[in-house]
Structures are given as structure tokens and as C-alpha cells.
Amino acid sequence: MTGLAGSAVPDGLVAALTGLAARRPLLVASDYDGVLAPLTDEPSSAVASPGVAEALARVAAAEGVTVALVSGRGVDDLRRVSRFDGPYRWVGSHGAEYGGPLAGELAGRRDVLAGTLAPLVAAVPGARLEVKPASVAVHVRQVGDPVAAAALLADARAAVDPSLTMKPGKAVLEVAVTDADKGSAVRRLREELGAVAVLYLGDDLTDEDVFGTLGPADVGIKVGEGETAAGHRVTDPEAVLAVLRLLGDLLA
């Protein structure tokens, strides 16, 4: 698994990044939680790994390169938690927040959804309800009983309008009031920028919507375990930092 001395970048990925770095315009896009920041039980404490902000800024400073943060978080929340400050494109709520806030009608539908799910979550110790700009998420990471956690996720799915968009993830079920997804958002951004190649890093099921859109000239990197359509894999956010530092060197 070592393509460079002391690095967690596999040999095949080193070669892929080397080829990618020569292509312009280039879009470098990444999920945040579990990729640029370690996963935490409390989302507000998901601080970016040390060195990531600097490595990301160096990549974004390269000529012809655009860096995008693509998250299930709302954009305001993502900016606040990450503390990133750079010429980035911000895509939140799994692509629903693209270039502006949500319409009031969608916010109203989200509030009704939250009202439906709140009693179910309140009845399970350790469960948490998160209300986002375009969705409501039921978190069970801190539920001590695995059977109760699985039952809550099943009950939540059964309680909501089946026409809503279900986005299952790691110990979470997110229900969105739009059909936007990360894949359509990245595809839209690629077209807007005229990007000839895309690098995408992601760790969760919702990131598979992006990996499935990538072509032979692109590079998809799955972070962590699990089935994936990505062509490459690294172990954890520490390895992501190695990838970003290597890419910064190649782009310089």
C-alpha cells in the first residue's frame, strides 16, 4: 500500500494522480466528514485533520484547478465546522444547496418531516435527530442497543412519505425533501467549469452517486471499507492528507 516512502498512497493511485495532474481544467471535489475530517459522534466537533486546510489550499492555488466541497451538511454548517477559507465551491445538502438557499416551500416540507420523526427518535435513548436545510437525519451511532438502532431506522423509513428521497449512510438514515444527489451536483459543476477531468474523494454511500458518474479520465477515491464503484481506495483521513499533499506536489 505504499507508493511513496512513508506515504499511505498506493502505487496505482500515484500513477493515476500523476496523469490527472496534467489535465486542465481540473475539478477536485471531496466530501468532508470521514474524508477531510474524522467521523465523530457529535457533528459540530468534526474538525478537519491537521494539515488538511493547508494541503487543500495549495491544490486550489494551482492554475486551472477548482476545489469543491460536496457534503450532506448544509453549506453554512460546513463553512462553520470546517473553518476552510479559500476560493472553494460549496455544495451542501447532497447537492440541493447549489449556488443559493432553498426555497421556502422546501423548508416547510422539511419541518413537517422533522415533526413526524421527532417522537420516534425521542423514544430511543442515544438517538439524535438532525434537521438540515433540505433533509432530516436520524442518527443511531450512539444508540447502545444495535437491535433498537436498526428498528428505529426501519420505523423512520416506514413513517415518512415514500416519495421522499432516502439516503442511508453509516449509522444514519437521511430523508431529503428534494431528489438532488451528489452525483448530479458534481456533474453540473463539471459542465459549468468545462472540466476535462475530475478527482473525487468520498467515504459514504451517498458518495457512490458521484463515483458512478466518473469516466476513464477521472479518479475516484473511496476512503475506508465497503463496496464501491471508485477505482481507488485509501484507508482513512490521514491517507487523504497524503493524497492531497502528493497532488499539490504534482500540480506545482
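The largest cavity here holds about 490 Å³ of space, a volume being the space filled by probe spheres set on grid points joined across faces, edges and corners. A cavity is a set of points on a 1 Å grid over the protein atoms alone where a 1.4 Å probe fits but cannot get out, and lining residues have an atom within 4 Å of a point. The lining has 29 residues, and D33, L39, H139, V172 and D204 are the closest to the centre. It divides into six nonpolar, nine polar and 14 charged residues; Ala, Val, Leu, Ile, Met, Phe, Trp, Tyr, Cys and Pro count as nonpolar, Asp, Glu, Lys and Arg as charged, and the others, Gly among them, as polar. β7 gives the most, with three residues.

Keep in mind that this is a predicted model, where local features need pLDDT of at least 70, side-chain atom pairs count only at pLDDT 80 or more, and totals for chains, interfaces and linings use all residues. Residues are numbered from 1 along each chain as its sequence is written, and side-chain values use heavy atoms, with hydrogens and water left out.

Now for the sheets. Strands (E, at least two residues) and helices (H or I, at least four) are DSSP runs numbered from the N terminus, and two strands pair if DSSP finds at least two bridges between them.

| Sheet | Strand order | Pairing |
|---|---|---|
| Open, seven strands | β4-β3-β2-β1-β9-β10-β11 | mixed |
| Open, four strands | β5-β6-β8-β7 | antiparallel |

In the four-stranded sheet, β5 and β7 each have a single partner strand, so one side of each is left without a neighbour in the sheet. Strand β6 (residues 135–139) meets β8 over five antiparallel bridges, and V136 has V175 in β8 as its bridge partner. Helix α5 (residues 146–159) packs on this sheet, touching β6, β7 and β8, and makes about 10° with the direction of β8. Contact means heavy atoms within 4.5 Å; axes are lines fitted to C-alpha atoms, for helices over the stretch in contact, with angles from 0 to 180 degrees between N-to-C directions.

Three bridges join the parallel strands β2 (residues 65–70) and β3 (residues 89–92), with A68 opposite R89 in β3. Helix α2 (residues 52–60) lies across β1 (26–30) and β2, at about 140° to β2.

Note on methods
On a 1 Å grid over the protein atoms alone, a cavity is a set of points where a 1.4 Å probe fits but cannot get out, and a pocket is an open set with protein on both sides within 12 Å along at least five of seven lines; lining residues have an atom within 4 Å of a point.
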